[in-house]
Amino acid sequence: MSAAHASVPYEPVFVGPMKQKLEALYPKYPTKQACLLPALWMVQEARGWIPEQGIAEVAEVLGLTPAYVKGVVTFYTMYHQHPMGRHVIQVCTTSPCGICGAEETLKAILQHTGCQELGRTSPDGRFTVVETECLGACGFATPVLVDNDFVESVTPERVPGLLQRYA
Ligand code: FES
């Protein structure tokens, strides 16, 4: 976590219209607590990631313990536990893609984004790069998800052109 993000005070998410939006979900689930995944998603959409205060807020609103909520946040890779860049790049490095060059592609992505390391945000705030498990496109190594865009057959040579599409 960067010092800048750490010093930004946390603004509660579930106030006003967002509170109403969450409460509108309650009747669609068997219990209020069962709204945990969408509630976390709402925090992430609002704040870009899920800080400890976000975990505490969700726990309080839904009547769960912070430890339980944290367990869920840490279980699912789709929930970000650190501030992220404007674009999140997920690279499949599972074995089938690994033997087809995923490591080299990943290296090129880390280099061209300026992230240098997995999980780090680039100095310009544009990108964060993370590894992911099989994306279900093993015949098209290396598959990459940039935000919600699925891009297959990414090679080190294609990386600069791919990154240009994202400001
Ligand atoms: S192993 Fe990479 S998509 Fe399946």
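Where does Gln 116 lie? Gln 116 is in the loop between α7 and β2.

## Basis of the model

This is a predicted model, in which local features need pLDDT of at least 70 and side-chain atom pairs count only at pLDDT 80 or more, while totals for chains, interfaces and linings use all residues. Residues are numbered from 1 along each chain as its sequence is written, and side-chain values use heavy atoms, with hydrogens and water left out.

Helices (H or I, at least four residues) and strands (E, at least two) are DSSP runs numbered from the N terminus. Buried stands for under 20% relative accessible area, exposed for over 50%, and partly exposed for values in between (1.4 Å probe, protein chains only).

## Backbone features

Gln 116 has a positive phi, near 65°, and is a residue other than glycine. With a relative accessible area of 53%, Gln 116 is exposed. Asp 147, also a residue other than glycine, has a positive phi near 55°. Asp 147 is found in the loop between β3 and β4 (149-151) and counts as partly exposed at 27% relative accessibility.

The peptide bond from Ala 141 to Thr 142 is cis, with omega near 0°. Thr 142 has its place in the loop between β2 and β3.

## Nonpolar cores

A nonpolar core is a set of buried Ala, Val, Leu, Ile, Met, Phe, Trp, Tyr and Cys residues joined through side-chain atoms within 4.5 Å. The largest has 21 residues, and those with the most contacts inside it are Phe 14, Leu 22, Leu 36, Leu 40, Val 58, Leu 62 and Val 69. Two or more residues come from each of the elements α2, α3 (36-47), α4 and α5. The most come from α3, which gives 5 residues.

Contact is counted for heavy atoms within 4.5 Å. Neighbours within four places in sequence aside, Val 58 is in contact with Phe 14, Leu 36, Ala 39, Leu 40, Val 43 and Val 69. Another core, of 17 residues, lies apart from the largest one; among its members are Val 91, Leu 106, Ile 109 and Phe 127.

## Helix α7

Helix α7 (residues 102-113) has 12 residues and reaches 16 Å from its first C-alpha to its last, close to the 16 Å expected at 1.5 Å a residue. The expected span is 1.5 Å times one less than the number of residues in the helix. Gly 114, which follows α7, has a positive phi near 85°.

The buried residues of α7 are Ala 102, Thr 105, Leu 106, Ala 108, Ile 109, Leu 110 and Thr 113. Their cover includes β1 (87-92), α6 (95-98), β2 (127-132), β3 (144-146) and α8 (159-164).

## Salt bridges

A salt bridge is a side-chain nitrogen of Lys or Arg within 4 Å of a carboxyl oxygen of Asp or Glu. By this rule there are 4 salt bridges. One of them joins Glu 23 and Lys 19, with the closest N and O atoms 3.3 Å apart. These two residues are 4 residues apart in helix α2 (residues 16-25), so about one helical turn separates them. Glu 23 is partly exposed at 36%, and Lys 19 is partly exposed at 41%.

In the pair of Lys 70 and Glu 52, the closest N and O atoms are 2.4 Å apart. This pair links distant parts of the chain, 18 residues apart, with Lys 70 in helix α5 (residues 66-75) and Glu 52 in helix α4 (residues 52-62). Lys 70 is partly exposed, with a relative accessible area of 33%. Arg 120 and Glu 117 form a salt bridge whose closest N and O atoms are 3.6 Å apart. Arg 120 counts as partly exposed at 45%, as does Glu 117 at 43%.
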